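Hi! Here is the structure I promised to pass on. Have a look at it first, and my notes follow below.

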Amino acid sequence: MEAAPPATPELADDTSIPSFRGEGDQRHHPRTLIRAIVGAIDAHDKKRVVVGGWVRTGRRSSSLLAFLELNDGSCQQNLQAVVKGQVYGDLRRLTPTGTSVLLEGVLEKLDGAKYKQLIELQVEKVIDVGRGRRQGVPATQDQAHARGPQGHPPPPPTHGHSAVARIRSELAFATHSFFRDEGFLHVHTPIISTSDCEGAGEMFQVTTLFSQADKVEKELKENDAAPSEADIEAAKLVVREKGDAIARLKAAKVAGKQEISAAVLELEKAKENVSSIEAERLRLRPGIPRKDDGTISFENDFFKRPAYLTVSGQLQAETYACALGKVYTFGPTFRAEKSHTSRHLAEFWMVEPEMAFNDLKDDMDCAERYVKHLCRWILDHCREDMEFMVNHHDRTAIERLELVSETPFERISYTEAVEILENADKEFENKVEWGIDLASEHERYLTDVVFEKPVIVYDYPKEIKAFYMRLNDDQKKVAAMDVLVPKVGELIGGSQREERLDILKQRLIDGGLALVPYEWYLDLRRFAAVKHSGFGMGFERMLLFATGLDNIRDVIPFPRCPGKADL
(Lines give C-alpha, C1' and ligand atoms only; values in the text may rest on other atoms or scores of the structure.)
Protein backbone atom coordinates (compact mmCIF):
# COMPACT_ATOMS: atom_id res chain seq x y z
CA MET A 1 0.00 0.00 0.00
CA GLU A 2 1.47 3.35 -1.07
CA ALA A 3 1.97 6.09 1.48
CA ALA A 4 -0.23 9.15 1.17
CA PRO A 5 1.49 12.15 -0.42
CA PRO A 6 2.67 14.83 2.00
CA ALA A 7 0.07 17.43 2.89
CA THR A 8 0.41 20.74 1.09
CA PRO A 9 -1.04 24.07 2.12
CA GLU A 10 -4.47 24.71 0.62
CA LEU A 11 -4.65 27.25 -2.22
CA ALA A 12 -6.80 30.08 -0.94
CA ASP A 13 -9.62 30.78 -3.37
CA ASP A 14 -11.81 32.94 -1.18
CA THR A 15 -12.22 36.54 -2.36
CA SER A 16 -10.25 35.63 -5.50
CA ILE A 17 -10.74 37.57 -8.68
CA PRO A 18 -10.51 36.58 -12.38
CA SER A 19 -7.35 35.04 -13.64
CA PHE A 20 -4.04 36.43 -14.81
CA ARG A 21 -1.94 34.74 -17.46
CA GLY A 22 1.83 34.83 -17.17
CA GLU A 23 4.34 34.33 -19.98
CA GLY A 24 5.36 30.71 -20.42
CA ASP A 25 2.60 29.44 -18.13
CA GLN A 26 -0.86 29.14 -19.67
CA ARG A 27 -2.69 28.01 -16.54
CA HIS A 28 -5.17 30.33 -14.91
CA HIS A 29 -3.98 31.75 -11.59
CA PRO A 30 -6.79 32.93 -9.26
CA ARG A 31 -5.39 35.97 -7.46
CA THR A 32 -6.06 36.75 -3.80
CA LEU A 33 -6.33 40.42 -2.90
CA ILE A 34 -3.97 41.85 -0.30
CA ARG A 35 -6.99 43.52 1.29
CA ALA A 36 -8.47 40.10 1.98
CA ILE A 37 -5.20 38.80 3.41
CA VAL A 38 -4.49 41.64 5.84
CA GLY A 39 -8.17 41.80 6.77
CA ALA A 40 -8.23 38.16 7.95
CA ILE A 41 -4.68 37.22 8.91
CA ASP A 42 -5.55 34.19 11.02
CA ALA A 43 -7.76 32.76 8.30
CA HIS A 44 -4.97 33.04 5.73
CA ASP A 45 -2.13 31.65 7.86
CA LYS A 46 -0.54 28.65 6.10
CA LYS A 47 -2.68 29.21 3.02
CA ARG A 48 -1.21 28.82 -0.44
CA VAL A 49 -2.10 31.88 -2.53
CA VAL A 50 -1.31 33.66 -5.74
CA VAL A 51 -0.66 37.38 -5.23
CA GLY A 52 -0.15 39.96 -7.94
CA GLY A 53 0.95 43.53 -7.40
CA TRP A 54 3.57 46.21 -7.86
CA VAL A 55 6.79 46.53 -5.90
CA ARG A 56 6.66 49.60 -3.69
CA THR A 57 10.11 48.94 -2.27
CA GLY A 58 12.50 46.06 -2.89
CA ARG A 59 15.84 45.07 -1.43
CA ARG A 60 18.28 42.20 -1.62
CA SER A 61 20.10 41.05 1.49
CA SER A 62 22.38 39.01 -0.74
CA SER A 63 22.26 37.20 -4.05
CA LEU A 64 20.24 34.54 -2.27
CA LEU A 65 17.33 36.53 -0.78
CA ALA A 66 15.04 39.43 -1.79
CA PHE A 67 12.33 41.24 0.18
CA LEU A 68 9.51 42.86 -1.81
CA GLU A 69 6.87 45.23 -0.43
CA LEU A 70 3.88 44.61 -2.71
CA ASN A 71 0.73 46.64 -3.20
CA ASP A 72 -2.05 45.52 -5.52
CA GLY A 73 -4.26 48.62 -5.30
CA SER A 74 -6.94 46.96 -3.17
CA CYS A 75 -5.91 48.77 0.04
CA GLN A 76 -3.30 51.03 1.61
CA GLN A 77 -1.36 48.21 3.25
CA ASN A 78 1.48 46.33 1.59
CA LEU A 79 2.33 42.65 1.77
CA GLN A 80 5.94 41.56 2.19
CA ALA A 81 7.03 38.78 -0.12
CA VAL A 82 10.27 36.85 0.50
CA VAL A 83 11.92 35.41 -2.60
CA LYS A 84 14.92 33.08 -2.43
CA GLY A 85 17.57 32.91 -5.11
CA GLN A 86 16.84 29.27 -5.75
CA VAL A 87 13.22 30.20 -6.61
CA TYR A 88 14.16 33.00 -9.04
CA GLY A 89 17.69 33.37 -10.26
CA ASP A 90 17.84 37.05 -11.20
CA LEU A 91 16.64 38.73 -7.99
CA ARG A 92 17.81 42.13 -9.26
CA ARG A 93 14.98 42.10 -11.78
CA LEU A 94 12.38 41.88 -8.99
CA THR A 95 13.44 44.78 -6.75
CA PRO A 96 13.03 48.00 -8.83
CA THR A 97 10.12 50.16 -7.67
CA GLY A 98 7.06 49.73 -9.88
CA THR A 99 7.92 46.22 -11.08
CA SER A 100 4.80 44.10 -11.51
CA VAL A 101 4.99 40.56 -10.22
CA LEU A 102 2.68 37.57 -9.95
CA LEU A 103 3.80 35.27 -7.18
CA GLU A 104 2.69 31.97 -5.71
CA GLY A 105 3.57 30.87 -2.24
CA VAL A 106 2.49 30.21 1.34
CA LEU A 107 1.42 32.88 3.83
CA GLU A 108 2.99 32.82 7.24
CA LYS A 109 1.73 34.74 10.25
CA LEU A 110 4.47 36.61 12.10
CA ASP A 111 4.96 37.65 15.68
CA GLY A 112 3.81 41.29 15.80
CA ALA A 113 6.10 41.96 18.76
CA LYS A 114 9.18 41.07 16.70
CA TYR A 115 8.30 42.09 13.18
CA LYS A 116 6.76 45.11 11.53
CA GLN A 117 4.68 42.85 9.30
CA LEU A 118 1.96 40.62 10.74
CA ILE A 119 1.99 38.22 7.79
CA GLU A 120 4.30 37.63 4.84
CA LEU A 121 4.41 35.53 1.70
CA GLN A 122 7.09 32.87 1.35
CA VAL A 123 7.37 32.72 -2.42
CA GLU A 124 7.68 29.30 -4.01
CA LYS A 125 7.13 30.34 -7.62
CA VAL A 126 7.53 33.54 -9.62
CA ILE A 127 4.83 33.27 -12.27
CA ASP A 128 5.31 36.56 -14.04
CA VAL A 129 7.53 39.67 -13.89
CA GLY A 130 6.86 42.95 -15.68
CA ARG A 131 8.98 46.02 -16.27
CA GLY A 132 9.81 48.42 -13.47
CA ARG A 133 9.29 52.18 -13.31
CA ARG A 134 10.73 54.23 -16.16
CA GLN A 135 14.04 55.83 -15.47
CA GLY A 136 13.55 59.45 -14.47
CA VAL A 137 10.03 59.09 -13.08
CA PRO A 138 10.19 59.53 -9.29
CA ALA A 139 8.59 56.82 -7.19
CA THR A 140 6.81 59.34 -5.00
CA GLN A 141 5.29 61.35 -7.85
CA ASP A 142 1.60 61.67 -7.10
CA GLN A 143 -0.71 63.14 -9.74
CA ALA A 144 2.01 65.43 -11.11
CA HIS A 145 0.49 64.84 -14.53
CA ALA A 146 -2.57 66.76 -13.38
CA ARG A 147 -0.80 70.11 -13.48
CA GLY A 148 2.79 69.91 -14.72
CA PRO A 149 3.15 70.47 -18.47
CA GLN A 150 6.03 67.98 -18.62
CA GLY A 151 4.62 65.61 -16.00
CA HIS A 152 4.69 61.90 -16.77
CA PRO A 153 2.04 59.75 -15.07
CA PRO A 154 3.44 57.16 -12.69
CA PRO A 155 1.84 53.74 -12.40
CA PRO A 156 -1.40 54.18 -10.40
CA PRO A 157 -0.50 52.45 -7.11
CA THR A 158 0.88 55.45 -5.23
CA HIS A 159 -0.78 55.88 -1.85
CA GLY A 160 -2.57 59.15 -2.54
CA HIS A 161 -3.59 58.32 -6.08
CA SER A 162 -4.90 54.85 -5.23
CA ALA A 163 -6.77 56.14 -2.16
CA VAL A 164 -8.64 58.69 -4.28
CA ALA A 165 -9.37 56.04 -6.92
CA ARG A 166 -10.88 53.68 -4.33
CA ILE A 167 -12.95 56.46 -2.73
CA ARG A 168 -14.17 57.56 -6.15
CA SER A 169 -15.16 53.99 -7.02
CA GLU A 170 -17.05 53.56 -3.76
CA LEU A 171 -18.87 56.89 -4.21
CA ALA A 172 -20.00 55.81 -7.67
CA PHE A 173 -21.30 52.53 -6.29
CA ALA A 174 -22.99 54.36 -3.40
CA THR A 175 -24.70 56.68 -5.90
CA HIS A 176 -26.21 53.79 -7.83
CA SER A 177 -27.22 51.96 -4.65
CA PHE A 178 -28.95 55.05 -3.22
CA PHE A 179 -31.06 55.76 -6.28
CA ARG A 180 -31.88 52.10 -6.79
CA ASP A 181 -33.11 51.83 -3.20
CA GLU A 182 -35.15 55.01 -3.71
CA GLY A 183 -36.91 53.55 -6.75
CA PHE A 184 -35.11 55.49 -9.50
CA LEU A 185 -34.32 54.19 -12.98
CA HIS A 186 -30.85 54.82 -14.39
CA VAL A 187 -31.07 56.55 -17.80
CA HIS A 188 -28.14 57.05 -20.17
CA THR A 189 -28.49 60.52 -21.65
CA PRO A 190 -26.58 61.60 -24.78
CA ILE A 191 -23.18 63.25 -24.69
CA ILE A 192 -23.87 65.07 -27.97
CA SER A 193 -26.62 67.69 -27.75
CA THR A 194 -28.09 70.48 -29.87
CA SER A 195 -29.30 72.54 -26.90
CA ASP A 196 -27.62 74.39 -24.04
CA CYS A 197 -29.16 73.40 -20.70
CA GLU A 198 -27.56 76.23 -18.74
CA GLY A 199 -27.74 78.91 -21.43
CA ALA A 200 -24.15 79.92 -20.68
CA GLY A 201 -22.89 79.48 -24.24
CA GLU A 202 -19.54 78.00 -23.11
CA MET A 203 -19.84 74.70 -24.98
CA PHE A 204 -17.56 72.46 -27.04
CA GLN A 205 -18.82 72.20 -30.60
CA VAL A 206 -19.02 68.83 -32.34
CA THR A 207 -18.49 69.13 -36.09
CA THR A 208 -17.01 67.35 -39.09
CA LEU A 209 -16.67 70.55 -41.11
CA PHE A 210 -12.97 70.96 -40.35
CA SER A 211 -12.07 67.42 -41.41
CA GLN A 212 -14.22 67.85 -44.52
CA ALA A 213 -12.41 71.10 -45.36
CA ASP A 214 -9.03 69.40 -44.95
CA LYS A 215 -10.16 66.56 -47.19
CA VAL A 216 -11.37 68.97 -49.87
CA GLU A 217 -8.14 70.96 -49.76
CA LYS A 218 -6.13 67.78 -50.16
CA GLU A 219 -8.32 66.63 -53.04
CA LEU A 220 -7.99 69.97 -54.81
CA LYS A 221 -4.21 69.93 -54.47
CA GLU A 222 -3.98 66.40 -55.84
CA ASN A 223 -6.55 66.54 -58.64
CA ASP A 224 -7.54 70.17 -59.23
CA ALA A 225 -10.99 68.63 -59.51
CA ALA A 226 -13.31 71.51 -58.63
CA PRO A 227 -15.68 72.53 -61.46
CA SER A 228 -15.23 76.13 -62.58
CA GLU A 229 -17.82 78.83 -63.13
CA ALA A 230 -17.35 78.24 -66.84
CA ASP A 231 -18.28 74.58 -66.38
CA ILE A 232 -21.50 75.59 -64.66
CA GLU A 233 -22.35 78.18 -67.34
CA ALA A 234 -21.71 75.62 -70.06
CA ALA A 235 -24.04 73.15 -68.37
CA LYS A 236 -26.71 75.84 -68.00
CA LEU A 237 -26.32 76.69 -71.71
CA VAL A 238 -27.10 73.07 -72.53
CA VAL A 239 -30.27 73.35 -70.43
CA ARG A 240 -31.36 76.45 -72.36
CA GLU A 241 -30.65 74.77 -75.66
CA LYS A 242 -32.66 71.70 -74.68
CA GLY A 243 -35.51 73.94 -73.57
CA ASP A 244 -35.45 75.88 -76.85
CA ALA A 245 -35.50 72.62 -78.79
CA ILE A 246 -38.65 71.50 -77.00
CA ALA A 247 -40.27 74.88 -77.65
CA ARG A 248 -39.52 74.56 -81.38
CA LEU A 249 -40.94 71.02 -81.52
CA LYS A 250 -44.15 72.16 -79.89
CA ALA A 251 -44.42 75.25 -82.12
CA ALA A 252 -43.93 73.23 -85.31
CA LYS A 253 -46.82 70.91 -84.38
CA VAL A 254 -45.32 68.13 -86.44
CA ALA A 255 -43.43 66.26 -83.69
CA GLY A 256 -45.12 63.28 -82.18
CA LYS A 257 -45.76 62.76 -78.49
CA GLN A 258 -42.94 60.24 -78.22
CA GLU A 259 -40.42 62.66 -79.74
CA ILE A 260 -41.44 65.47 -77.36
CA SER A 261 -41.23 63.12 -74.35
CA ALA A 262 -37.70 62.11 -75.37
CA ALA A 263 -36.72 65.78 -75.63
CA VAL A 264 -38.18 66.51 -72.18
CA LEU A 265 -36.18 63.60 -70.76
CA GLU A 266 -33.00 65.08 -72.25
CA LEU A 267 -33.87 68.42 -70.63
CA GLU A 268 -34.30 66.81 -67.21
CA LYS A 269 -30.93 65.11 -67.54
CA ALA A 270 -29.33 68.43 -68.40
CA LYS A 271 -30.87 70.07 -65.32
CA GLU A 272 -29.67 67.24 -63.11
CA ASN A 273 -26.19 67.73 -64.54
CA VAL A 274 -26.26 71.43 -63.57
CA SER A 275 -27.35 70.55 -60.03
CA SER A 276 -24.63 67.93 -59.79
CA ILE A 277 -21.91 70.31 -60.99
CA GLU A 278 -23.08 73.05 -58.61
CA ALA A 279 -23.16 70.61 -55.67
CA GLU A 280 -19.68 69.35 -56.55
CA ARG A 281 -18.35 72.91 -56.80
CA LEU A 282 -19.92 73.73 -53.43
CA ARG A 283 -18.44 70.57 -51.91
CA LEU A 284 -14.99 71.33 -53.26
CA ARG A 285 -14.99 74.97 -52.23
CA PRO A 286 -11.95 75.53 -49.95
CA GLY A 287 -12.50 76.36 -46.27
CA ILE A 288 -15.55 76.14 -44.05
CA PRO A 289 -18.80 76.47 -46.04
CA ARG A 290 -20.72 79.67 -45.42
CA LYS A 291 -24.10 81.09 -46.31
CA ASP A 292 -24.60 84.27 -48.33
CA ASP A 293 -24.81 86.30 -45.11
CA GLY A 294 -21.40 85.03 -43.98
CA THR A 295 -22.63 82.65 -41.28
CA ILE A 296 -21.45 79.04 -41.25
CA SER A 297 -23.56 76.60 -43.26
CA PHE A 298 -24.17 73.31 -41.49
CA GLU A 299 -25.96 71.63 -44.41
CA ASN A 300 -23.01 69.31 -45.03
CA ASP A 301 -22.12 68.83 -41.36
CA PHE A 302 -22.71 65.44 -39.76
CA PHE A 303 -25.85 66.46 -37.86
CA LYS A 304 -26.83 69.17 -40.38
CA ARG A 305 -27.11 71.64 -37.50
CA PRO A 306 -24.90 72.99 -34.70
CA ALA A 307 -24.15 70.26 -32.15
CA TYR A 308 -22.21 70.34 -28.87
CA LEU A 309 -20.82 68.24 -26.06
CA THR A 310 -23.46 68.31 -23.37
CA VAL A 311 -23.24 70.53 -20.32
CA SER A 312 -25.95 68.51 -18.58
CA GLY A 313 -28.18 65.48 -19.08
CA GLN A 314 -31.02 67.15 -17.19
CA LEU A 315 -33.28 68.13 -20.07
CA GLN A 316 -33.20 64.63 -21.55
CA ALA A 317 -33.69 63.08 -18.10
CA GLU A 318 -36.82 65.20 -17.67
CA THR A 319 -38.41 63.50 -20.68
CA TYR A 320 -38.06 60.12 -19.01
CA ALA A 321 -39.15 61.41 -15.60
CA CYS A 322 -42.36 62.73 -17.16
CA ALA A 323 -43.14 59.18 -18.28
CA LEU A 324 -41.47 56.90 -15.73
CA GLY A 325 -41.66 58.93 -12.51
CA LYS A 326 -38.13 58.93 -11.08
CA VAL A 327 -34.92 58.67 -13.07
CA TYR A 328 -31.30 59.71 -12.76
CA THR A 329 -28.36 60.09 -15.09
CA PHE A 330 -24.70 59.83 -14.12
CA GLY A 331 -22.12 60.71 -16.74
CA PRO A 332 -19.54 63.13 -18.14
CA THR A 333 -20.40 66.74 -18.93
CA PHE A 334 -18.33 69.45 -20.58
CA ARG A 335 -17.72 73.19 -20.27
CA ALA A 336 -15.49 75.21 -22.60
CA GLU A 337 -14.67 77.65 -19.84
CA LYS A 338 -11.08 78.88 -20.06
CA SER A 339 -10.38 78.73 -16.35
CA HIS A 340 -7.20 77.51 -14.68
CA THR A 341 -8.51 77.65 -11.11
CA SER A 342 -8.39 74.72 -8.69
CA ARG A 343 -12.20 74.40 -8.86
CA HIS A 344 -12.77 74.06 -12.61
CA LEU A 345 -12.50 71.25 -15.15
CA ALA A 346 -13.41 71.14 -18.82
CA GLU A 347 -14.72 67.58 -18.41
CA PHE A 348 -16.38 66.43 -15.21
CA TRP A 349 -19.05 64.01 -14.03
CA MET A 350 -22.56 64.93 -12.92
CA VAL A 351 -25.22 63.03 -10.97
CA GLU A 352 -28.65 64.32 -12.03
CA PRO A 353 -31.93 62.88 -10.70
CA GLU A 354 -35.36 64.03 -11.95
CA MET A 355 -38.58 63.31 -10.05
CA ALA A 356 -42.16 63.64 -11.28
CA PHE A 357 -44.86 64.86 -8.85
CA ASN A 358 -42.16 66.43 -6.63
CA ASP A 359 -41.94 70.06 -5.57
CA LEU A 360 -39.01 72.07 -4.20
CA LYS A 361 -39.32 70.65 -0.67
CA ASP A 362 -39.25 67.09 -2.02
CA ASP A 363 -36.19 68.05 -4.04
CA MET A 364 -34.36 69.37 -0.97
CA ASP A 365 -35.32 66.30 1.06
CA CYS A 366 -33.94 63.93 -1.58
CA ALA A 367 -30.71 65.91 -1.94
CA GLU A 368 -30.14 65.83 1.82
CA ARG A 369 -30.76 62.09 2.01
CA TYR A 370 -28.37 61.51 -0.88
CA VAL A 371 -25.49 63.51 0.61
CA LYS A 372 -25.93 61.83 3.99
CA HIS A 373 -25.93 58.42 2.31
CA LEU A 374 -22.66 59.18 0.52
CA CYS A 375 -20.99 60.35 3.73
CA ARG A 376 -22.09 57.28 5.67
CA TRP A 377 -20.97 55.02 2.84
CA ILE A 378 -17.46 56.47 2.79
CA LEU A 379 -17.16 56.14 6.55
CA ASP A 380 -18.29 52.51 6.40
CA HIS A 381 -16.36 51.40 3.32
CA CYS A 382 -13.31 53.68 2.99
CA ARG A 383 -12.12 54.07 6.56
CA GLU A 384 -8.50 53.15 5.84
CA ASP A 385 -8.24 55.53 2.91
CA MET A 386 -9.97 58.30 4.84
CA GLU A 387 -7.47 57.85 7.67
CA PHE A 388 -4.72 58.29 5.09
CA MET A 389 -6.36 61.54 3.99
CA VAL A 390 -6.56 62.70 7.60
CA ASN A 391 -2.89 61.97 8.16
CA HIS A 392 -1.64 63.52 4.92
CA HIS A 393 -4.13 66.13 3.69
CA ASP A 394 -6.96 67.23 5.97
CA ARG A 395 -7.10 66.40 9.68
CA THR A 396 -10.83 67.19 9.81
CA ALA A 397 -11.93 65.04 6.86
CA ILE A 398 -13.49 62.22 8.88
CA GLU A 399 -15.03 64.62 11.41
CA ARG A 400 -16.61 66.53 8.52
CA LEU A 401 -18.14 63.39 7.06
CA GLU A 402 -19.49 62.35 10.47
CA LEU A 403 -20.97 65.81 11.01
CA VAL A 404 -22.77 65.85 7.66
CA SER A 405 -24.02 62.27 7.95
CA GLU A 406 -25.56 62.88 11.38
CA THR A 407 -26.71 66.52 11.37
CA PRO A 408 -29.95 67.90 9.89
CA PHE A 409 -29.18 70.47 7.20
CA GLU A 410 -30.07 74.10 7.91
CA ARG A 411 -32.56 75.61 5.43
CA ILE A 412 -32.74 79.32 4.78
CA SER A 413 -34.05 81.46 1.95
CA TYR A 414 -31.72 83.40 -0.32
CA THR A 415 -33.05 86.63 1.19
CA GLU A 416 -32.21 85.39 4.70
CA ALA A 417 -28.74 84.34 3.54
CA VAL A 418 -28.05 87.81 2.11
CA GLU A 419 -29.20 89.46 5.34
CA ILE A 420 -26.86 87.25 7.37
CA LEU A 421 -23.94 88.07 5.08
CA GLU A 422 -24.68 91.81 5.09
CA ASN A 423 -24.61 91.80 8.90
CA ALA A 424 -21.51 89.60 9.12
CA ASP A 425 -18.53 90.80 11.11
CA LYS A 426 -16.32 90.09 8.11
CA GLU A 427 -15.23 91.93 4.99
CA PHE A 428 -15.79 89.89 1.85
CA GLU A 429 -13.90 90.30 -1.40
CA ASN A 430 -17.19 90.12 -3.31
CA LYS A 431 -19.77 92.72 -2.36
CA VAL A 432 -22.97 91.35 -0.79
CA GLU A 433 -26.32 92.66 -1.96
CA TRP A 434 -29.65 91.17 -2.93
CA GLY A 435 -29.47 89.86 -6.49
CA ILE A 436 -25.86 88.69 -6.56
CA ASP A 437 -24.88 85.09 -7.20
CA LEU A 438 -23.34 83.97 -3.91
CA ALA A 439 -19.58 83.52 -4.21
CA SER A 440 -17.65 80.63 -2.73
CA GLU A 441 -16.47 82.79 0.18
CA HIS A 442 -20.11 83.62 1.03
CA GLU A 443 -21.17 79.98 0.90
CA ARG A 444 -18.32 78.79 3.11
CA TYR A 445 -18.97 81.57 5.62
CA LEU A 446 -22.55 80.29 6.02
CA THR A 447 -21.48 76.66 6.41
CA ASP A 448 -18.19 76.98 8.27
CA VAL A 449 -18.79 80.02 10.48
CA VAL A 450 -22.49 80.81 10.94
CA PHE A 451 -24.13 77.38 11.06
CA GLU A 452 -21.12 75.02 11.20
CA LYS A 453 -23.01 72.44 9.18
CA PRO A 454 -24.53 72.01 5.69
CA VAL A 455 -26.97 74.69 4.58
CA ILE A 456 -29.65 74.59 1.89
CA VAL A 457 -30.39 78.00 0.39
CA TYR A 458 -33.61 78.29 -1.60
CA ASP A 459 -35.75 80.81 -3.56
CA TYR A 460 -33.12 82.62 -5.62
CA PRO A 461 -33.58 85.72 -7.82
CA LYS A 462 -34.71 84.60 -11.28
CA GLU A 463 -32.03 86.67 -13.02
CA ILE A 464 -29.18 84.49 -11.71
CA LYS A 465 -30.79 81.11 -12.33
CA ALA A 466 -31.50 79.01 -15.42
CA PHE A 467 -34.59 79.33 -17.61
CA TYR A 468 -36.08 75.96 -16.62
CA MET A 469 -36.51 76.81 -12.91
CA ARG A 470 -40.09 77.41 -11.80
CA LEU A 471 -41.06 81.06 -11.40
CA ASN A 472 -42.49 81.91 -7.97
CA ASP A 473 -45.76 83.78 -7.53
CA ASP A 474 -43.89 87.02 -6.74
CA GLN A 475 -42.43 86.96 -10.29
CA LYS A 476 -39.01 87.86 -8.80
CA LYS A 477 -37.67 84.57 -7.52
CA VAL A 478 -37.55 80.97 -8.71
CA ALA A 479 -38.03 77.70 -6.81
CA ALA A 480 -34.32 76.90 -6.83
CA MET A 481 -32.08 75.51 -4.13
CA ASP A 482 -28.36 74.99 -3.53
CA VAL A 483 -26.87 72.57 -1.02
CA LEU A 484 -23.81 74.14 0.61
CA VAL A 485 -21.34 72.05 2.59
CA PRO A 486 -18.32 72.95 4.75
CA LYS A 487 -14.98 73.51 3.00
CA VAL A 488 -16.37 73.25 -0.56
CA GLY A 489 -19.41 75.52 -0.60
CA GLU A 490 -21.96 74.61 -3.28
CA LEU A 491 -22.20 70.86 -3.73
CA ILE A 492 -25.65 70.50 -5.30
CA GLY A 493 -27.84 72.80 -7.36
CA GLY A 494 -31.46 72.02 -8.09
CA SER A 495 -34.98 73.33 -8.54
CA GLN A 496 -38.58 72.62 -9.20
CA ARG A 497 -38.86 72.68 -12.99
CA GLU A 498 -41.12 75.11 -14.83
CA GLU A 499 -44.07 73.05 -16.11
CA ARG A 500 -46.14 75.99 -17.49
CA LEU A 501 -45.64 76.34 -21.23
CA ASP A 502 -46.23 80.07 -21.60
CA ILE A 503 -43.91 81.00 -18.74
CA LEU A 504 -41.18 78.62 -19.92
CA LYS A 505 -41.28 80.10 -23.43
CA GLN A 506 -40.99 83.61 -22.02
CA ARG A 507 -38.06 82.58 -19.82
CA LEU A 508 -36.25 81.24 -22.89
CA ILE A 509 -36.89 84.48 -24.77
CA ASP A 510 -35.79 86.59 -21.80
CA GLY A 511 -32.59 84.57 -21.65
CA GLY A 512 -31.83 85.32 -25.30
CA LEU A 513 -32.25 81.68 -26.35
CA ALA A 514 -33.79 80.63 -29.66
CA LEU A 515 -36.98 78.59 -29.29
CA VAL A 516 -36.37 76.18 -32.18
CA PRO A 517 -33.67 74.01 -30.49
CA TYR A 518 -35.94 73.66 -27.44
CA GLU A 519 -39.19 72.76 -29.23
CA TRP A 520 -38.87 69.14 -28.11
CA TYR A 521 -38.45 70.35 -24.52
CA LEU A 522 -41.47 72.64 -24.84
CA ASP A 523 -43.47 69.66 -26.13
CA LEU A 524 -43.15 68.13 -22.67
CA ARG A 525 -45.25 71.03 -21.40
CA ARG A 526 -47.66 70.84 -24.32
CA PHE A 527 -48.37 67.12 -24.07
CA ALA A 528 -46.97 65.76 -20.79
CA ALA A 529 -47.09 68.61 -18.25
CA VAL A 530 -46.51 67.41 -14.70
CA LYS A 531 -45.03 68.98 -11.59
CA HIS A 532 -41.45 67.76 -11.30
CA SER A 533 -38.11 68.67 -9.80
CA GLY A 534 -34.50 67.60 -9.82
CA PHE A 535 -30.93 68.51 -8.99
CA GLY A 536 -27.36 68.05 -10.13
CA MET A 537 -24.27 67.19 -8.10
CA GLY A 538 -20.75 67.61 -9.41
CA PHE A 539 -19.15 64.25 -8.61
CA GLU A 540 -15.67 65.75 -8.30
CA ARG A 541 -17.01 68.40 -5.89
CA MET A 542 -18.19 65.56 -3.65
CA LEU A 543 -14.75 63.99 -3.79
CA LEU A 544 -13.11 67.29 -2.82
CA PHE A 545 -15.49 67.57 0.12
CA ALA A 546 -14.85 63.98 1.24
CA THR A 547 -11.08 63.83 0.87
CA GLY A 548 -10.16 67.37 1.89
CA LEU A 549 -8.01 67.85 -1.21
CA ASP A 550 -7.83 71.38 -2.59
CA ASN A 551 -7.41 70.90 -6.34
CA ILE A 552 -10.25 69.36 -8.33
CA ARG A 553 -7.73 67.97 -10.82
CA ASP A 554 -6.48 65.63 -8.10
CA VAL A 555 -9.77 63.73 -7.83
CA ILE A 556 -10.33 62.75 -11.47
CA PRO A 557 -8.07 60.23 -13.24
CA PHE A 558 -7.33 62.19 -16.42
CA PRO A 559 -8.13 65.87 -15.88
CA ARG A 560 -9.09 67.99 -18.86
CA CYS A 561 -8.40 71.72 -18.66
CA PRO A 562 -7.39 74.51 -21.06
CA GLY A 563 -4.35 73.44 -23.04
CA LYS A 564 -4.24 69.92 -21.61
CA ALA A 565 -5.87 66.80 -23.06
CA ASP A 566 -2.83 64.66 -23.84
CA LEU A 567 -3.49 61.64 -21.61
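**What I found**

At 23% relative accessibility, R500 counts as partly exposed, since buried means under 20% relative accessible area, exposed means over 50%, and partly exposed is in between (1.4 Å probe, protein chains only). Its partner in a salt bridge is E498, with the closest N and O atoms 2.7 Å apart. (A salt bridge here is a side-chain nitrogen of Lys or Arg within 4 Å of a carboxyl oxygen of Asp or Glu.) E498 itself is buried, at 0% relative accessible area. Elsewhere, salt bridges with shared partners link K361, D365, E368 and R411 into one network.

Before you read on: this is a predicted model, so local features need pLDDT of at least 70 and side-chain atom pairs count only at pLDDT 80 or more, while totals for chains, interfaces and linings use all residues. Residues are numbered from 1 along each chain as its sequence is written, and side-chain values use heavy atoms, without hydrogens and water.

By the salt-bridge rule, the count comes to 24. Another one pairs K487 with D550, their closest N and O atoms being 3.2 Å apart. K487 sits in the loop between β16 (477-485) and β17 (489-496) and D550 in the segment after α15 (539-547), so this pair ties together parts 63 residues apart in sequence. (Helices, H or I with at least four residues, and strands, E with at least two, are DSSP runs numbered from the N terminus.) D550 is exposed at 57% relative accessibility, whereas K487 is partly exposed at 27%.

Enjoy exploring!
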